[in-house]
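Subject: Structure handover

Hello,

Here is the structure we talked about. Please open it first, then read my notes below.

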Amino acid sequence: RAKSSVPTKPRHLTITRVFQDGVELNWMPPSEPNGELHYIIQYGSNTTNTASNLTYYNLTGLVNGTTYNITVMAVNSAGSSTSDVMEYTQSENVTPTVTYLSPAGAPGSNVNCSTLDKSEVTPTSDTEEDDNSQDIPI
């Protein structure tokens, strides 16, 4: 029997909703899961195990004014993947600061957010894009 491999990392980690004390995270599963998955989410000094293959999670209990490095790792029977990472600052007025930690100069590497209301966030990018531009997921 062949030994199974660890999964590749989850893809496209995004924040889809912002709450007074947290956020809803969404991501795409690894391109190579290599078996049944669950996910580990780390933020600040906290670690949460989703214990399922769902690709969303509500982080709550975030402290206003605190910046969190949020990581999501896929885990199978062989071990854990590398992580998809973002930096997020919780704000008391629900105006988040989100930085996607992608390679410098990559599309979407400089993302700013402005709040329309408590449940909708509009991203903008300070990188110039041509006619082939794409929406930045958040």
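Start with R11. A polar atom of the R11 side chain lies 2.8 Å from the backbone oxygen of P29. Bear in mind that this is a predicted model.

R11 belongs to strand β1, which covers residues 11-19. Its relative accessible area is 30%, so R11 counts as partly exposed. Leaving aside neighbours within four places in sequence, R11 is in contact with W27, M28, P29, P30, S31 and D84. One more distance for R11: its C-alpha atom is separated by 9.8 Å from that of M73. Those two residues are 62 residues apart along the chain.

W27 also turns up in the aromatic pairs. How many aromatic pairs does the structure hold? There are two. In one of them, the ring centres of W27 and Y39 are 5.2 Å apart. The ring planes of W27 and Y39 stand at 65 degrees, and the cut-off for edge-to-face is over 60, so this pair is edge-to-face. W27 sits in strand β2 (residues 22-28) and Y39 in strand β3 (residues 38-43), so the pair ties together parts that are twelve residues apart in sequence. Both W27 and Y39 are buried.

Y39 leads on to T50. T50 touches H38, Y39, I41 and Y57, not counting residues up to four places away in sequence. Where is T50 found? Look in the loop between β4 (46-49) and β5 (56-60). Is T50 buried or exposed? Its relative accessible area is 15%, and buried means under 20%, so T50 is buried.

Last, Q90. Find Q90 in the loop between β7 (79-89) and β8 (97-100). Q90 has a relative accessibility of 1%, so this residue counts as buried too. Its side chain has two polar partners to look at. The Q90 side chain reaches the backbone oxygen of Q20 at 2.9 Å. The Q90 side chain also makes a polar contact with the side chain of Y88, at 2.8 Å. Not counting residues up to four places away in sequence, Q90 touches F19, Q20, D21, G22 and V23, among others. Its list also includes L62, V63, N64, G65, T66 and Y68.

Best wishes

Notes. Residues numbered from 1 in each chain as written. Predicted model: local features only at pLDDT ≥ 70, side-chain atom pairs only at ≥ 80, totals over all residues. Heavy atoms only, no water. Helix = DSSP H or I, 4+ residues; strand = E, 2+ residues; numbered from the N terminus. Buried < 20%, exposed > 50% of the residue type's maximum accessible area, 1.4 Å probe, protein only. Polar contact = N/O pair within 3.5 Å; in protein donor to acceptor, adjacent residues only side chain to side chain. Contact = heavy atoms within 4.5 Å. Phe/Tyr/Trp six-rings, centres within 6.5 Å; stacked < 30°, edge-to-face > 60°.
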